[in-house]
Amino acid sequence: MLVGRSNVGKSSLINALTRQTIARTSAAPGKTRLANVYRIERAGTALHLIDLPGYGYASGHKADGGRQPEFGEIARVVFERTPAALLLVDSRHPGLASDRAAWQWLSGTAARAAVVATKIDKLARGERIRAMRELQSVFDAPVVPVSAGTGEGMEELWKLIVSLSKPRRTNPNA
Ligand code: GTP
Ligand code: MG
């Protein structure tokens, strides 16, 4: 499951991972309004990638205000299945309050979770090093830098996704 603020690049990342244009993207936030589930086969393993609506955007409200009404409802249904989660964070904005809150929530709710830094192509080398350091300290977790634009980090991210998707012995539904 891909979780993150509106416009962080969730849908773009699904397209980059699959090298297909299957998820709809937009320069304006609030594009994805439903949970879209993609069944992917990779190296003989089938898994589902779930593209969720973003949080932190509600049309008609201030951009950093409450969640869209759909988000809570959709998230509840998806979370009942206890999927593994990737929190996508814009590498240009490490440590936003809404992302910290999401990480706290995910850590307690998802089966397993990891952090992905998106749009890394937008940062120059020095900024990138600083942002990665800050992200790692804020989330106290390994962070994978990616760019859906250039394809950077896709191999590493696939490895992470496959490892997060492995069924746990303790979960009979996995
Ligand atoms: P919602 O569905 O509204 O929650 O947004 P989203 O998280 O699915 O974002 P989406 O994939 O639609 O991308 C938002 C914007 O960011 C689009 O204009 C993308 O082209 C741009 N974008 C996404 N990934 C990258 C990236 O790696 N690099 C750059 N430069 N732009 C990106
Ligand atoms: Mg989207």
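**Ligand surroundings**

An oxygen atom of ligand 1 lies 3.0 Å from a backbone N or O atom of G9, where a polar contact is a pair of N or O atoms within 3.5 Å. For G54, the corresponding distance from a backbone N or O atom to a ligand 1 oxygen atom is 3.1 Å, and for G149 it is 3.3 Å. Of the 660 Å² of accessible area that ligand 1 has on its own, the protein covers 85% (Shrake-Rupley method, 1.4 Å probe).

This is a predicted model, in which local features need pLDDT of at least 70 and side-chain atom pairs count only at pLDDT 80 or more, while totals for chains, interfaces and linings use all residues. Residues are numbered from 1 along each chain, chains are lettered from A and ligands numbered from 1 in the order written, and side-chain values use heavy atoms, without hydrogens and water.

The axes of helix 1 (residues 10-18) and helix 5 (residues 154-165) come within 10 Å and cross at roughly 100° (axes are lines fitted to C-alpha atoms over the stretch in contact, with angles from 0 to 180 degrees between N-to-C directions; helices are DSSP runs of H or I, at least four residues). The two helices, helix 1 and helix 5, are therefore roughly perpendicular (65 to 115 degrees). L13, A16 and L17 of helix 1 meet M154, L157, W158 and I161 of helix 5 (contact: heavy atoms within 4.5 Å).

Notes:
Parallel < 35°, antiparallel > 145°, perpendicular 65-115°, else oblique. Polar contact = N/O pair within 3.5 Å; in protein donor to acceptor, adjacent residues only side chain to side chain.
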